[in-house]
Amino acid sequence: MTSTGNDIRQSVSLAFEAVRPHLLGRFGKPYLYEAECESTQLLLLGSGLPEGAVAVAEHQSGGRGRLGRSWTAPPATSILVSVLLEPPTERTLPQLSLVAALAAAEAVERATALAAQIKWPNDVMLNRRKVGGIVSEVTDGTVVLGIGLNVNQTRDQLPLGAPTEPGSLRSLTGTTYDRAALLGSLLTRLERTYDAWREYGLDGVYGELGARDFLRGRRVTIDGEPATAVQIARDGRLEVATDAHETRALESGEVRFEA
Ligand code: BTN
């Protein structure tokens with residue numbers, strides 16, 4: 001999975017031929033690959049392709065993050081992937097973000113042998129840095145789930161001014177990673193967590209999710225108000241206890257934690 005720290009090759013590309021040996025399940029059929037595009041989300045939104053279709057790019061000119069933010073990475077350094085899904089109507093999108101973040105955290109753990117965590121509602125954390133994020137967009141009951149994972153960026157290639165301090169697997173471990181193998185691992189794990197969630201809801205993955213809850217017990221601010229995060233609840237909301245002794249369950253939004 002890993003190459004040595006002084007190996008300066010930026011990538012095996014993420015073209016189908018490189019990733020095919022690592023595609024072990026039904027995700028990746030079909031597999032759309034672009035060296036450059038505006039956003040992998042746009043390759044799948046309204047495409048009419050079946051569940052499990054995957055779009056991957058080496059570089060995006062208009063990568064989309066959550067809350068209208070952009071998502072940037074130099075060419076061929078990271079994983080930029082979108083997956084087309086058709087979840088049952090009774091399942092909620094915020095839960096799907098957690099399910100995807102869990103799969104990404106597991107893939108990061110497998111690659112680095114370090115514990116990765118999930119910062120509610122959608123961030124993948126390693127050593128207190130955000131190494132990945134999830135965004136989902138819906139058209140006509142079809143969800144396009146986008147995952148960005150910072151893999152081989154050097155420290156000075158990471159974006160400035162992000163609300164949560166970013167990191168990459170390389171900047172945090174000093175090792176470069178085989179992105180094709182990591183993408184395959186991510187898609188395999190996503191299929192497993194997604195299927196469990198489809199069948200059982202968040203209860204199907206709650207043990208693994210709860211064990212990786214980054215905010216649990218941390219001091220946080222919510223819309224400027226100080227609080228303590230309690231936990232990700234079984235329905236996917238974030239339980240917090242405010243300093244004014246109120247308990248709240250957040251549906252969405254952004255939580256800042258004390259460094
Ligand atoms: C976040 O804001 O944390 C979510 C970032 C999601 C970025 C990924 S990269 C692949 C896919 N294509 C996009 O334009 N966005 C998502």
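Me: What makes the five strands an open sheet, and in what order do they run?
Reply: In this predicted model, the order is S11-S10-S9-S8-S12, with antiparallel pairing. The sheet has two edge strands, S11 (247-250) and S12 (256-257). Each of these pairs on one side only, so the sheet is called open.

Me: How do you know that strand S8 and S12 pair?
Reply: Two strands pair if DSSP finds at least two bridges between them. Strand S8 (residues 219-222) and S12 share two bridges, in the antiparallel sense. Therefore they count as paired. In one of the contacts, Val220 has Phe257 of S12 as its bridge partner.

Me: What makes the space lined by His22 and Glu191 a cavity?
Reply: A 1.4 Å probe fits in a cavity but cannot get out. The structure holds one cavity of 30 Å³ or more. About 30 Å³ of space lies in the largest cavity. Its lining is His22, Leu23, Leu24, Gly25, Phe27, Gly184, Leu187, Thr188 and Glu191.

Me: Why is the lining of the largest cavity counted as four nonpolar, four polar and one charged?
Reply: Leu and Phe count as nonpolar, Glu as charged, and Gly among the polar. Leu23, Leu24, Phe27 and Leu187 line the cavity, so they make up the four nonpolar residues. Glu191 is in the lining too, and therefore supplies the one charged residue. His22, Gly25, Gly184 and Thr188 are also there, so they are the four polar ones.

Me: What makes the space around Gly65 and Trp71 a pocket, and what lines it?
Reply: A pocket is an open set of points. The largest pocket has a volume of about 510 Å³. It is lined by 35 residues, and Gly65, Arg66, Ser70, Trp71 and Lys130 lie nearest its centre. Helix H2 (40-44) and strands S3 (79-85), S6 (129-139) and S7 (142-149) give two or more residues each. S6 gives the most, with four. By class, the lining has 12 nonpolar, 16 polar and seven charged residues.

Me: Which residues lie closest to the centre of the second largest pocket?
Reply: That pocket has a volume of about 220 Å³. Of its 15 lining residues, Arg66, Pro94, Ser97, Pro121 and Ser252 are the closest to the centre. Helix H3 (93-112) and S6 each supply at least two residues. H3 gives the most, with four. The lining has eight nonpolar, five polar and two charged residues.

How values were computed:
Residues are numbered from 1 along each chain as its sequence is written. This is a predicted model: local features need pLDDT of at least 70, side-chain atom pairs count only at pLDDT 80 or more; totals for chains, interfaces and linings use all residues. Side-chain values use heavy atoms; hydrogens and water are left out. On a 1 Å grid over the protein atoms alone, a cavity is a set of points where a 1.4 Å probe fits but cannot get out, and a pocket is an open set with protein on both sides within 12 Å along at least five of seven lines; lining residues have an atom within 4 Å of a point. Grid points are joined across faces, edges and corners, and a volume is the space filled by probe spheres set on the points.
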